[in-house]
Amino acid sequence: MRKYVLLFLSLCIDYVWVNAAVVLVDRLFPGIAETVLGQPASWAARQVLSLILFSLVRVANVSVGEWLLSYAQTEQPAGQRQWANLLLGTLGVLSGIWYLLRLTGPDDGAPFLFMVEDTPLKTAAVAIYSAVYSWCGVMLLRFEPKAKLCNALLFASVLPLTAINLIFSRDALVASMVARAASQGRSFPVEKAELYARVSIYYAILLVAVMLTILYFCRERPAVSVERSFEGSPGSQA
């Protein structure tokens with residue numbers, strides 16, 4: 001069972017990062033798609049290209065997913081608890097990629113660290129935050145030492161960031177919800193957006209509590225001590 005779960009997660013991770021790379025290239029260099037296709041790349045065209053590149057990645061044996069899950073695949077003895085690491089680790093890696101994609105998408109005015117408008121500082125802050133999110137996910141998937149501490153600090157950071165948005169940028173947060181819905185052709189009443197803004201802090205507290213509870217069940221690979229590293233050396237005794 002573990003073999004098939006790890007294979008599925010590996011395929012998902014590889015497809016997501018390949019598709020994210022395709023989307024980033026298309027957004028940053030739209031002229032490439034227009035030159036090749038004669039028009040901007042559609043969603044279907046990006047998915048087809050992603051599937052082709054994904055297949056090449058797997059055939060060439062340069063899978064990022066397999067590298068991330070290599071320890072879970074080979075860990076002995078079999079049957080040890082891995083579900084918490086796999087769940088939070090995969091979510092962390094994918095969340096980091098999603099945050100990165102938001103940098104190149106249409107701005108929804110979401111407040112971040114006191115800043116509402118797009119600025120280089122805001123872009124850098126979100127990019128660093130997305131990188132940290134992905135790296136913490138990598139640490140969990142690799143069962144690295146101190147992975148639980150790093151992820152606990154990351155989850156705890158959600159609360160002050162949510163509080164900052166509510167205290168200093170509540171009106172901008174409401175406006176961003178309405179604007180995002182309008183950009184998608186939907187109607188989103190201001191009253192409903194204000195309700196969402198009020199309950200967002202409670203949602204953040206609940207989310208952090210759930211994440212920390214799952215994190216409690218995560219594991220870390222045994223650290224190699226200095227004494228053990230000398231075991232089996234020529235001068236040591238059995």
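Predicted model: local features only at pLDDT ≥ 70, side-chain atom pairs only at ≥ 80, totals over all residues.
Me: How many helices and strands does the protein have?
Reply: Helices (H or I, at least four residues) and strands (E, at least two) are DSSP runs numbered from the N terminus. From the N terminus on, the elements run α-α-α-α-α-α-α-α-α-α. The secondary structure therefore comes to 10 helices and 0 strands.

Me: What distance separates the end C-alpha atoms of helix 1?
Reply: The expected span of a helix is 1.5 Å times one less than its number of residues. Helix 1 covers residues 2–28, and its 27 residues should therefore span 39 Å. The computed separation of its end C-alpha atoms agrees with this, at 39 Å.

Me: Are helix 8 and helix 9 roughly parallel or roughly antiparallel to each other?
Reply: Helix 8 (residues 147–183) and helix 9 (residues 190–216) pack with their axes 9 Å apart, at an angle of about 180°; axes are lines fitted to C-alpha atoms, for helices over the stretch in contact, and angles run from 0 to 180 degrees between N-to-C directions. Angles under 35 degrees count as roughly parallel, over 145 as roughly antiparallel, 65 to 115 as roughly perpendicular and the rest as oblique. Helix 8 and helix 9 are therefore roughly antiparallel.

Me: Which kind of aromatic pair do Tyr-15 and Phe-54 form?
Reply: Rings of Phe, Tyr and Trp (its six-membered ring) pair if their centres lie within 6.5 Å, and planes under 30 degrees apart count as stacked, over 60 as edge-to-face and the rest as tilted. A search of the whole structure finds 5 aromatic pairs. For Tyr-15 and Phe-54, the centres are 6.1 Å apart and the planes lie at 80°, which makes the pair edge-to-face.

Me: How many residues apart in sequence are the parts that the pair of Tyr-15 and Phe-54 ties together?
Reply: Tyr-15 is partly exposed at 23% relative accessible area, whereas Phe-54 is buried at 14% (buried means under 20%, exposed over 50% and partly exposed in between, with a 1.4 Å probe and protein chains only). Because Tyr-15 lies in helix 1 and Phe-54 in helix 3 (residues 43–59), the pair ties together parts whose separation in sequence is 39 residues.

Me: Which residue has its charged end over the ring of Tyr-71?
Reply: A charge sits over a ring if NZ of Lys or CZ of Arg is within 6 Å of the ring centre and within 35 degrees of the ring normal. Lys-148 lies over the face of Tyr-216, at 5.9 Å from the ring centre. Over the ring of Tyr-71, at 4.2 Å from its centre, sits the charged end of Arg-221.

Me: Is Phe-143 buried or exposed?
Reply: Phe-143 is found in the loop between helix 7 (120–141) and helix 8, and its phi is near 55°, a positive value in a residue other than glycine. Its relative accessible area is 0%, so Phe-143 counts as buried.

Conventions: Residues numbered from 1 in each chain as written. Heavy atoms only, no water.
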